[in-house]
Amino acid sequence: MARATIVGRPGSPGVGIGRALWVAAAEPAPPPRPGAADRDAAAERERLRAALAAAAGELTALAGEATGRAGEDVGAIFEAQALFASDPGIVDPALAAIDAGATAEEAIDRVTAAQADALAAVDDEYFRERAADLRDVGRRVVDRLTGRERPPLHRADGSPAVLVADDLDPSVVVAIRPEMVTGIALAGGAPTGHAAIVARALGIPLVLGLGLEAGARLDGDDVAIDGSGGRLLVGPDERDLAALTPVAAPGSVAAAARDLPVEVAANVGSVREAEAAAAAGAEGIGLVRTELLFLGRSVPPGLEEQRSLYRRIAEALPGRRVVFRTLDIGGDKPAPYLATEPEMNPALGVRGIRASLAHPSLFETQLRALLEATPRETPWILLPMVATAEEVAAAREALARARDASARLGDPVATDVRLGVMIEVPSAALMADALAPVVDFFSIGTNDLVQYTLAADRTNAALADLASPLQPSVMRLVRSVVEAARAHGRHVSVCGEAAADPLAAALFVGLGVDELSVAPGSIAGLRGTLATLDVERCRVAAEKACAARSAAEVRAIAETLVAEPAPVAGGG
Ligand code: PEP
Ligand code: MG
């Protein structure tokens with residue numbers, strides 16, 4: 001689609017930049033199967049009952065996860081949805097429809113649609129929301145009965161996506177991975193709708209009411225959304241992007257930062273996101289996910305292409321710390337040119353630093369590009385998935401080889417480099433005192449640290465309660481990492497999604513981290529939270545959190561630190 005600005009309404013503040021990913025609405029339940037006339041009504045009733053029970057179980061688990069990630073108000077949405085799945089007002093008419101000849105999927109589809117229509121017809125916001133929730137539950141039960149798959153919520157190549165849809169169910173929004181989705185643009189929706197509430201709670205920028213007639217045609221286009229101004233920009237140029245969020249006046253970033261207990265930096269995966277981070281007033285970039293530049297291609301980017309991309313990212317925040325993470329490829333981010341053997345457990349396989357060390361020339365090219373991108377600056381280079389000090393030593397040797405290779409060819413390279421490690425494998429957290437002397441900084445990746453500490457797949461919604469950054473085990477690991485960093489004067493940042501969660505952020509402040517690094521769209525919200533914190537109380541609370549016996553106890557402790565979020569202005 002040609003360059004355009006489409007005006008809608010604000011839904012959730014922040015700027016989201018990426019390629020549009022069209023999320024089609026779920027199709028209605030399929031028509032009866034041939035021969036359905038002689039199907040056994042008793043068996044259909046049983047199928048329906050089993051699917052309703054399974055949906056109720058999923059929704060109860062989702063409520064727990066949502067409470068953990070987004071707060072009790074959001075959890076309550078799914079608790080209420082779980083009740084729909086056992087409500088006799090829904091179940092009885094659906095069973096009656098089966099007795100009258102419908103299949104289980106037709107019956108639940110028809111009954112939930114009819115009741116949702118009736119609720120939506122009442123001129124009241126509350127009833128309209130209940131209607132949307134009921135439809136969400138109906139679609140979930142039909143999915144279970146038919147094995148229908150929902151469209152993916154992130155781009156196959158892992159590049160930053162802006163989801164475009166007519167509307168999204170709240171249960172879909174809560175399943176979004178914020179590290180892969182920078183924003184949401186809806187043709188319909190309501191600012192007080194549950195989808196918008198969930199997006200605000202998760203810090204995902206959202207615009208709605210765009211009235212897009214053919215949103216599917218945007219699929220794959222470069223877009224940007226302005227969640228506060230309620231606009232979708234198609235094919236934005238650099239000036240459009242710079243204008244999206246008022247650029248902080250000179251000195252105002254420093255002024256905004258002055259009273260905050262930690263630095264607020266941004267996680268980015270592209271030049272555009274780095275520009276958005278600057279526009280949002282990031283004090284630096286705590287994490288450049290360089291692998292996003294490598295995915296979805298049949299050959300890796302060469303030296304020159306990488307060097308120019310890294311330079312442009314660094315130039316978006318001149319004079320500020322920009323931390324480039326080397327390829328975190330492999331695992332769930334496969335790249336065809338790595339030619340890795342299929343793995344039984346990709347999350348435990350040859351990924352991150354392991355893949356880089358296994359492909360020395362790929363690694364050397366990346367390190368050369370990083371050293372050559374800003375030869376007069378001090379590059380900060382971060383190694384992902386480090387488990388041992390030997391890996392750091394091997395990476396240092398690779399860095400020395402890369403520097404020699406550039407020097408031999410006469411290419412100017414940075415002479416002063418900071419080398420750091422992601423702390424995302426429990427082994428690295430436990431060995432932080434041995435790693436601190438051999439690195440310059442730590443960056444705690446809570447997404448993976450939680451996954452590996454609790455042995456709970458970060459993408460498995462059924463394990464979301466378990467996979468919480470508020471687990472006392474995670475708090476203790478973060479505490480020991482900060483202690484090791486302190487003892488050796490090392491900078492320590494948290495760059496996992498938990499850094500944007502007000503409760504977890506308050507505890508990280510109490511544990512003494514130096515920096516929180518979050519998606520550009522979450523910077524303003526995080527600043528708001530940090531401005532209200534009393535650091536001394538956070539310290540006491542963090543100690544209690546480390547001594548707590550459960551994630552629920554940690555949550556209760558953190559809740560005493562964080563004021564209720566102010567309602568988001570705009571919309572309506
Ligand atoms: C993390 O694991 O917390 C992290 C920031 O890395 P990623 O989400 O890219 O795995
Ligand atoms: Mg990680």
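**Among the elements around the second largest cavity, β14 gives the most to the lining, with three residues.** The model is predicted: local features need pLDDT of at least 70, side-chain atom pairs count only at pLDDT 80 or more, and totals for chains, interfaces and linings use all residues. Residues are numbered from 1 along each chain as its sequence is written, chains are lettered from A and ligands numbered from 1 in the order in which they are written, and side-chain values use heavy atoms, without hydrogens or water. The second largest cavity holds about 30 Å³ of space. (A cavity is a set of points on a 1 Å grid over the protein atoms alone where a 1.4 Å probe fits but cannot get out; lining residues have an atom within 4 Å of a point.) Its lining consists of Gly286, Val323, Trp380, Phe441, Phe442, Ser443, His491, Ser493 and Glu515. At least two of the lining residues come from each of β14 (441-444) and β15 (491-494). (Strands are DSSP runs of E with at least two residues, helices runs of H or I with at least four.) Four lining residues are nonpolar, four polar and one charged. (Gly counts as polar; Asp, Glu, Lys and Arg count as charged.)

**The largest cavity has about 160 Å³ of space.** It is lined by 20 residues, and Arg289, Arg325, Lys333, Asn447 and Arg458 are the closest to its centre. The lining splits into 10 charged, five polar and five nonpolar residues. β10 and α17 supply at least two residues each. The largest share is the three residues from α17. There are two cavities of 30 Å³ or more. (A volume is the space filled by probe spheres set on the grid points, which are joined across faces, edges and corners.)

**Ligand 1 takes the space of the largest cavity.** (A molecule sits in a cavity if more than half of its atoms lie within 2 Å of the grid points.) β10 (285-289) and α17 (446-454) are the elements that give two or more residues to the shell around ligand 1. α17 contributes three residues, the most of any element. In total, 14 residues surround the ligand, and the closest are Arg289, Arg325, Gly445, Asn447 and Arg458.

On its own, ligand 1 has 290 Å² of accessible area, and the protein covers 99% of that. (Accessible areas use the Shrake-Rupley method with a 1.4 Å probe.)

**The second largest pocket has about 440 Å³ of space.** (A pocket is an open set of points with protein on both sides within 12 Å along at least five of seven lines.) Its lining counts 21 residues; nearest the centre are Arg19, Asp222, Ser270, Val271 and Arg272. Two or more lining residues come from each of β3 (15-22), β7 (222-226), α8 (238-244), α10 (271-279) and α11 (303-316). Nine lining residues are nonpolar, eight charged and four polar.

Note on methods:
A residue is near a molecule or strand if one of its heavy atoms lies within 4 Å of it.
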